[in-house]
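Please have the sequence and the 3D view open side by side.

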Amino acid sequence: MGERIPPLQRLEHGLNRVTRLLAVVCGFFLVLMMVHVGADIALKLLFNAPLVGTLETVSYYYMVGIVFLALPFVELRREHVAVDLFFVKLPQGAQVVVYAAGMVLAAGYYGLFCFQTTLDALKATAQRETVMANFLFYVWPSRWALSVGSGILSLMLLLKAVAAIVRHKVDDAGDVVEGMT
């Protein structure tokens, strides 16, 4: 019989897979944006015929997707801004409490952000929201990137808080900050 994987570890693994998938989507948007903008510039310079809607597509789809869908991946790699000058000097038990409290607080903030952006996305979807352009340009699908990215980030932060409490350990503790000894 195979080893039984603890539920917490399964949740972490599943959330990490979803996060990595979102990172791939962000990479796809990045490449697509490069090709789109490059083609727009080339067509404008060579044929004086730029692609219609490049600015709107870049602003409302590519950039929104790249920024908000990447938030969980940034947290997965532990690359959000952190100031742990005094944190690393605390005893391990205090680190767990402070870390878990910080994760719950951050999850609450992003949870509220997710809630509000989901309400906004539902409203935009119901109204089939558009922006003013020389053509009909729907922006309601891009509204969902905010709630998806912040929702997954909230779950990840809550899971990190639970993991720290259950394991009585903070995985992030002891990271060396550049320039400090």
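With a relative accessible area of 14%, M33 is buried (buried means under 20% relative accessible area, exposed over 50%, and partly exposed in between, using a 1.4 Å probe and protein chains only). Before going further, please keep in mind that this is a predicted model, in which local features need pLDDT of at least 70 and side-chain atom pairs count only at pLDDT 80 or more, while totals for chains, interfaces and linings use all residues. Residues are numbered from 1 along each chain as its sequence is written, and side-chain values use heavy atoms, with hydrogens and water left out.

What does M33 touch, not counting residues up to four places away in sequence? The list is V58, Y62, M63 and I66, where contact means heavy atoms within 4.5 Å. M33 and T57 are also worth a look: 24 residues separate them in sequence, and their C-alpha atoms are 8.6 Å apart in space.

Two packed helices are described by the angle between their axes and the distance between the axes. The axes are lines fitted to C-alpha atoms, for helices over the stretch in contact, and the angles run from 0 to 180 degrees between N-to-C directions. Helix α1 covers residues 7-47 and helix α2 residues 54-69; their axes come within 9 Å and cross at roughly 155°. That makes α1 roughly antiparallel to α2 (angles over 145 degrees count as roughly antiparallel, under 35 as roughly parallel, 65 to 115 as roughly perpendicular and the rest as oblique). The crossing of this pair, α1 and α2, is left-handed, a word used if the near helix is turned anticlockwise from the far one by less than a right angle, with right-handed used if clockwise. On the α1 side, the contact residues include F29, M33 and V37, and on the α2 side they include V58, Y62 and I66. Sorted by class, the contact of α1 with α2 has 13 nonpolar, four polar and one charged residues; Ala, Val, Leu, Ile, Met, Phe, Trp, Tyr, Cys and Pro count as nonpolar, Asp, Glu, Lys and Arg as charged, and the others, Gly among them, as polar.

Helix α1 has another partner in helix α5, residues 143-167: the axes of α1 and α5 come within 11 Å and cross at roughly 150°. The two helices α1 and α5 are therefore roughly antiparallel to each other, and α1 passes α5 in a left-handed crossing. Among the residues that meet are L8, L15 and L22 in α1 and I152, L159 and V166 in α5. This contact of α1 with α5 has 13 nonpolar, three polar and two charged residues.

How do α2 and α5 pack? Their axes are 8 Å apart, at an angle of about 5°, and α2 and α5 are therefore roughly parallel to each other. Y60, V64, G65, F68 and L69 in α2 meet R143, A145, L146, V148 and G149 in α5. The residues of the contact of α2 with α5 divide into seven nonpolar, two polar and one charged. S142 lies in the loop between β2 (137-138) and α5. S142 counts as buried, at 5% relative accessibility, and it touches Y60, Y61 and V64, not counting residues up to four places away in sequence.

Finally, let's turn to the rings. The structure holds seven aromatic pairs, a pair being rings of Phe, Tyr or Trp (its six-membered ring) with centres within 6.5 Å; planes under 30 degrees apart count as stacked, over 60 as edge-to-face and the rest as tilted. One of them is F68 with F113: the ring centres are 6.1 Å apart and the planes at 15°, so the pair is stacked. F68 lies in helix α2 and F113 in helix α4 (residues 92-127), so the pair ties together parts that are 45 residues apart in sequence. F68 is partly exposed, with a relative accessible area of 21%, and F113 is partly exposed at 26%. Ring pairs also link Y60, Y61, F135 and F137 into a cluster.

Conventions
Helix = DSSP H or I, 4+ residues; strand = E, 2+ residues; numbered from the N terminus.
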